[in-house]
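Here is a short report for a reader who is new to this structure. Take a look at the sequence and the model, then read on.

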Amino acid sequence: MTEKKKERINIHEYLAEMDDIPGTRVFTAQRARKGYHLNQFAMSLMKEENRKRFLADEKAYLDEWELSDEAKQAVMDRDYNAMIDHGGNIYYLAKLFSTDRKSFQFAAGSMTGMTQEDYAKMMLEGGRSPEGQRSIKGKY
Amino acid sequence: MARVTTGITSSHIPALGAAIETGKANDEYWGPVFKGYQPIRDWIKKPDNMPDVIVLVYNDHASAFDQNIIPTFAIGCAEKFKPADEGWGPRPVPDVIGHPDLAWHIAQSLILDDFDMCIMNDMDVDHGCTIPLTMMFGEPDAWPCKVIPLPVNVVTYPPPSGARCYALGDSIKAAVESFPEDLNVHVWGTGGMSHQLQGPRAGLINKDFDLDFIDQLINDPEALSKKPHIEYLREAGSEGIELVMWLIMRGALGEEKVKDLYNFYHIPASNTALGALILQPEETAGEALEPRRVLSGGSFAEA
């Protein structure tokens with residue numbers, strides 16, 4: 001088990017593959033850098049006093065963070081796809097939808113373009129099939 | 001001498017805890033999940049099976065670690081760990097009580113074995129750590145055993161490779177076996193199975209991948225450990241990558257054959273497919289449970 005690695009992973013190929021999955025934004029270093037302040041904002045909602053302050057005046061609370069106006073708007077709109085485009089990661093953003101008393105299923109469903117009812121029904125029936133959803137280039 | 005007797009896998013999704021806390025554990029939706037866990041709960045209660053210590057492998061979901069500190073492998077060496085406030089207030093569960101002597105022993109052994117661990121002495125534990133305890137032990141006033149939390153980064157890319165996780169398990173086994181006290185140690189691998197929580201592809205479930213993964217985990221972990229990240233991402237969804245942590249558990253059971261005493265798979269639990277296993281090294285394995293394999297939900301409903 002501890003023998004030396006024979007083959008190195010080519011980092012450029014590795015990262016290129018991450019962008020080849022339909023409907024998915026892998027939380028790469030590039031996204032983590034872009035989303036640093038957005039994710040740290042979300043982390044701040046782990047404290048009750050911050051949650052209260054945020055809910056009382058979202059705009060004022062967001063203005064305390066180094067966020068673009070677009071990122072602030074995405075938060076106020078609860079547009080999770082847009083937040084992920086701004087470098088957000090779902091486990092960080094979970095602090096935001098938890099502050100709203102919403103579940104992971106609600107947040108995930110909201111990103112699919114489906115109604116909550118249709119999303120829940122799809123999950124009950126066995127979830128989204130991977131067929132045709134694995135690779136943009138390979139179309140399989 | 002301490003020994004790793006058992007490997008367990010479990011889902012750790014927060015909705016499972018919420019189902020218990022809101023009295024929904026027996027309803028139509030959650031009933032089959034808790035029914036599937038009941039045999040494990042009954043099994044683990046028996047004195048011979050109850051661990052003295054669990055090395056609980058999980059991923060911190062941006063709770064103890066934010067974007068400022070991202071350790072690939074960390075180990076909790078504290079006396080105790082408090083449940084984290086993840087936005088809902090902390091889960092209403094007991095503090096997790098550590099085993100600092102064993103934890104520090106494992107930490108030192110792992111570093112000497114070329115795993116450069118991050119040592120944590122002040123760390124809150126999130127649902128990744130506490131949900132599996134709730135699923136196995138219900139709602140006690142205190143957890144019935146000690147727990148060494150071992151968080152793995154599977155959130156910010158790249159996470160560790162499957163091969164590295166498998167090798168870490170092997171080193172954990174050696175570390176435990178060199179601890180002089182006579183302890184029954186479990187290693188739990190948590191998270192998974194297939195799921196995606198983001199983007200238009202959210203809700204992905206891949207039953208065939210999951211069942212093959214379980215089969216390979218039991219029978220050919222060496223080959224499974226070579227699976228590249230991109231395959232997890234394509235086949236098991238962006239959050240399905242959590243499954244690499246199961247290889248740490250499997251590595252800790254040794255390279256010889258293991259027996260699955262219990263093998264439960266269910267679709268869906270909220271957004272995810274769920275797998276709960278009890279594995280033991282074949283040489284020292286106990287009796288398999290009856291039934292040994294339970295598949296429920298999704299397309300199994302009609303089966």
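## Helix H8 of chain A

H8(A) is mostly covered: 10 of its 10 residues are buried. This is a predicted model.

After H8(A) comes A:Arg101, with a positive phi near 65°.

## Chain A as a whole

Chain A holds 10 helices and 0 strands. Read from the N terminus, its elements run α-α-α-α-α-α-α-α-α-α.

How does chain A stand against a compact globule of 140 residues? Such a globule would have a radius of gyration near 14 Å, whereas chain A has 18 Å. The C-alpha trace of chain A spans about 55 × 40 × 30 Å along its principal axes. Of the 140 residues in chain A, 36% count as buried. Now take the contacts in chain A between residues at least 6 apart in sequence: 58% of them join residues at least 24 apart.

## Where the chains meet

Chain B has an open sheet of 7 strands. Their order is S7-S2-S8-S1-S10-S9-S11, and the pairing is mixed. The edge strands of this sheet are S7 (146-151) and S11 (293-297) of chain B, each of which pairs on one side only. On average, neighbouring strands of the sheet are turned by 15° against each other, direction ignored.

A helix packs on this sheet: H4 of chain B, residues 127-137. H4 of chain B touches S1, S2, S7 and S8 of chain B. The direction of this helix makes about 130° with that of S2(B).

## Strand S8 of chain B

Is S8(B), residues 184-190, mostly covered or mostly open? It is mostly covered, with 6 of its 7 residues buried. In the sheet order, S8 of chain B stands between S2 and S1.

Strand S1 of chain B, residues 3-10, runs parallel to S8(B), and 7 bridges join the two. One of the residue pairs is B:Ile8 with its bridge partner B:Trp188 in S8(B). Strand S2 of chain B, residues 53-58, also pairs with S8(B) in the parallel sense, over 5 bridges. Here B:Ile54 has B:His186 of S8(B) as its bridge partner. For B:Val57, the bridge partner in S8(B) is B:Gly189. In general, strands of a sheet pair through backbone hydrogen bonds, either parallel or antiparallel.

Notes
Residues numbered from 1 in each chain as written. Chains lettered and ligands numbered in written order. Predicted model: local features only at pLDDT ≥ 70, side-chain atom pairs only at ≥ 80, totals over all residues. Buried ≥ 20, exposed ≤ 12 C-beta atoms within 10 Å, placed from the backbone. Helix = DSSP H or I, 4+ residues; strand = E, 2+ residues; numbered from the N terminus. Pairing = 2+ DSSP bridges. Rg over C-alpha atoms; globule rule 2.2 N^0.38 Å. Contact = placed C-beta atoms within 7 Å. Axes fitted to C-alpha atoms, helices over the stretch in contact; angles between N-to-C directions.
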